[in-house]
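Trainee: I am new to this structure. Could we go through it together?
Mentor: Gladly. Here it is.

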Amino acid sequence: MEVRLTVDELAARAGVTVRTVRFYGTKGLLPPPVLGARRVGWYGAEHLDRLGLIEELQRQGLTLAAIERYLARLPQDSTPLDLAIHRALVAAWTPEVPEEADRGQVERRAGRRLSEEQVDRLVAMGALERTADPEVFRVDPGLLPLGVRILDVPIPLETLVAARAVVVEHSRATARELQRLFRETVWKPYRESEPAPDEVERMKALTDHIQPMVAQALVTAFQKSLREELGDGKGEAAEGDPTASPV
């Protein structure tokens, strides 16, 4: 179903203010809306997911100039789903900043009413976490948009739980290995060279700028690998199933 939102609806779905949406638009970080009757601006799924990615990068501490460079490196043919996956994976590489929200707020962010079964699926994906109050949830702002997109996909609940466990396990392992590699091949030799205190601070600042670049490289590599693996899986399914579509 096509997403068609006014600026107020877009801001509510993204959890930001209308002023923030307009500000990003003037900076060129968001494409302009499609003008309809009476010059009403309409925003779509691309705007929603791009806005979510910008907010995630800001949580990571990037400046607007750095975010602009980050977005410029994204493939030109990135779909709204690509952006949603990108945001979710970037969020997995940054410190978790869960937000508490009641059911009504969660549904406004989701853009739809949620059944108990759908809430269970979002919890299984890690997009929501239950609290002592059954009507209040801790929301992962990076995962919720992607989780909502997956709600209508017929994936068993146990598969979602297992998939999340795989992603978390391998993300942590990769992060540990990258940290070890950087510490042993870059940071340790640098400290052993006995740099001046101001140079140490400069090096620390540089490492902060390297993190988003590493995250983007990993997300892009993951998306490429996932497409290749899913492509192979489709091919195998078609060969083993005589009723499978050749398309």
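Trainee: Which residues are linked in a network of salt bridges?
Mentor: Arg103, Glu107, Arg113 and Glu116 are. Before the details, some ground rules. This is a predicted model, where local features need pLDDT of at least 70, side-chain atom pairs count only at pLDDT 80 or more, and totals for chains, interfaces and linings use all residues. Residues are numbered from 1 along each chain as its sequence is written, and side-chain values use heavy atoms, with hydrogens and water left out.

Trainee: Why is the contact of Arg103 and Glu116 called a salt bridge?
Mentor: The term needs a side-chain nitrogen of Lys or Arg within 4 Å of a carboxyl oxygen of Asp or Glu. For Arg103 and Glu116, the N to O value is 3.1 Å. So the pair qualifies.

Trainee: What does that pair tie together?
Mentor: Parts that are 13 residues apart in sequence, because Arg103 lies in helix 6 (residues 103-110) and Glu116 in helix 7 (residues 116-125). Helices (H or I, at least four residues) and strands (E, at least two) are DSSP runs, numbered from the N terminus.

Trainee: Is Arg103 buried or exposed?
Mentor: Buried means under 20% relative accessible area, exposed over 50%, and partly exposed in between (1.4 Å probe, protein chains only). Arg103 has 15%, so Arg103 counts as buried. Glu116 has 46%, so Glu116 is partly exposed.

Trainee: How do you know that Arg113 and Glu107 form a salt bridge?
Mentor: Their side chains meet at 3.5 Å, N to O. That is within the 4 Å limit, so the name applies.

Trainee: Which residue forms a salt bridge with Arg130?
Mentor: Asp120 does, with the closest N and O atoms 2.4 Å apart. This pair links distant parts of the chain: Arg130 is in strand 4 (residues 128-130) and Asp120 in helix 7, ten residues apart.

Trainee: Why are both partners called partly exposed?
Mentor: Arg130 has 37% and Asp120 has 34%.

Trainee: How many salt bridges does a search of the whole structure find?
Mentor: Ten.

Trainee: Where is Ser78?
Mentor: Ser78 sits in the loop between helix 4 (64-72) and helix 5 (80-92). Its relative accessible area is 22%, so Ser78 is partly exposed.
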